[in-house]
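Here are my notes on the model you sent. Please keep the structure open as you read them.

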Amino acid sequence: MTDTLILLHTPLGQPGSGRVRYGAAMALWREGAISAEVLEVYRITSAHDARDPMEALRDRGLPLPPLPPERDPVLALYAVARDYLLKLDHAGASEVRAGLPADPGPQHNLARRPNAVVDRWLATALSDLSATLPDLSIAIATAAPQLAWVTYDAYPRDQIGDAFAAGHAFASLMGGDAPFAADDFDLGLFLIAPHVLYRDHCHAAPELYAPLTGPHGWRFGPGRPLITKPAHQPVWNPPHQPHLTRVGAVPFLGLFVWTRDVNEPAQVIPADDWATLEEVASV
Ligand SMILES: [Fe+2]
């Protein structure tokens with residue numbers, strides 16, 4: 001019941017939270033844990049993300065449901081992200097699943113690192129995600145302020161371009177320098193501003209992208225066609241496969257997983273059409 005109570009008390013105001021609370025109330029009603037009158041209050045308030053069902057229950061003299069035990073938001077995000085990733089079907093699914101234990105072990109408290117790209121674009125991305133997966137959207141929104149966000153600066157700037165260099169951020173959840181430790185395995189969140197081209201690049205690590213927003217453009221080698229993929233369609237990159245992402249009108253938000261060789265750096269692959277792709281992307 002703990003997970004259901006956490007959902008029942010999803011913070012007010014987050015997009016989709018009214019529906020999440022109502023879904024949890026429905027589960028509790030089926031278990032006989034709350035009455036039909038209490039469930040009706042959650043139904044009425046479900047259309048209003050900022051309306052407090054506890055206040056409505058008090059006004060009607062109805063009993064209040066119990067509060068959930070405290071749960072760490074980063075652990076809660078790991079659990080929801082893991083559930084999501086375990087269900088995805090792609091060529092690397094077994095490697096990804098093998099690296100995602102139900103219990104990720106002790107949590108390391110990293111210094112929080114705020115980030116300008118996150119401040120500017122995460123809420124927009126989560127608003128898009130809340131239409132399809134409100135639970136995951138809320139878990140990310142709740143955990144994001146606790147994470148150590150990084151705008152990666154190891155690519156030579158003249159190769160990767162200014163737009164990507166200044167327009168992305170990632171945060172590790174599991175890995176070598178992450179809240180949950182893993183040996184040669186990385187899991188994290190990745191955010192890119194709208195209309196940014198993440199130029200052709202490759203790396204030794206096999207990689208899963210699980211895009212939570214979309215549509216975005218992809219290609220798998222300079223000169224190859226650009227393919228548009230919607231949210232929730234996983235992209236599996238085998239080792240050294242070139243890949244490029246052209247972010248659409250919504251910010252790119254995704255989960256990424258590197259299943260091994262995580263310390264081998266990524267390299268930009270030259271192509272002669274970036275200017276054209278960037279021009280189109282910025283329209
Ligand atoms: Fe990659």
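1. Val 268 counts as partly exposed, because it has 19 C-beta neighbours inside 10 Å. The cut-offs are these: buried means 20 or more other C-beta atoms within 10 Å of the residue's own, exposed means 12 or fewer, and partly exposed is in between, with C-beta atoms placed from the backbone. Val 268 sits in strand β11 (residues 267–268). Helices (H or I, at least four residues) and strands (E, at least two) are DSSP runs, numbered from the N terminus.

2. Which residues does Val 268 touch, not counting residues up to four places away in sequence? They are Tyr 155, Gln 159, Ile 160, Arg 199, Asp 200 and His 201. Contact means that the C-beta atoms of two residues, placed from the backbone, lie within 7 Å. Ala 111 is 157 residues from Val 268 in sequence and 30 Å from it in space, C-alpha to C-alpha.

3. A word on the source. This is a predicted model: local features need pLDDT of at least 70, side-chain atom pairs count only at pLDDT 80 or more, and totals for chains, interfaces and linings use all residues. Residues are numbered from 1 along each chain as its sequence is written.

4. Now the whole protein. It has 11 helices and 11 strands. Its radius of gyration is 20 Å, close to the 19 Å that the globule rule gives for 283 residues, so the protein is as compact as a globular protein of that length. That radius is taken over C-alpha atoms, and the rule is 2.2 Å times the number of residues to the power 0.38. Buried residues make up 39% of the 283.

5. Next, the sheet. Six strands form an open, mixed sheet in the order β2-β1-β3-β10-β5-β8. The edge strands, β2 (180–181) and β8 (235–237), each pair on one side only. Strands pair if DSSP finds at least two bridges between them. β5 (residues 207–211) and β10 (residues 252–258) run antiparallel and are joined by five bridges. Tyr 209 stands opposite Phe 256 in β10.

6. Last, a helix pair. Helix α5 (residues 73–87) packs against helix α8 (residues 134–143) at about 150°, with the axes 9 Å apart. That makes α5 roughly antiparallel to α8. Angles under 35 degrees count as roughly parallel, over 145 as roughly antiparallel, 65 to 115 as roughly perpendicular and the rest as oblique. Axes are lines fitted to C-alpha atoms, for helices over the stretch in contact, and angles run from 0 to 180 degrees between N-to-C directions.
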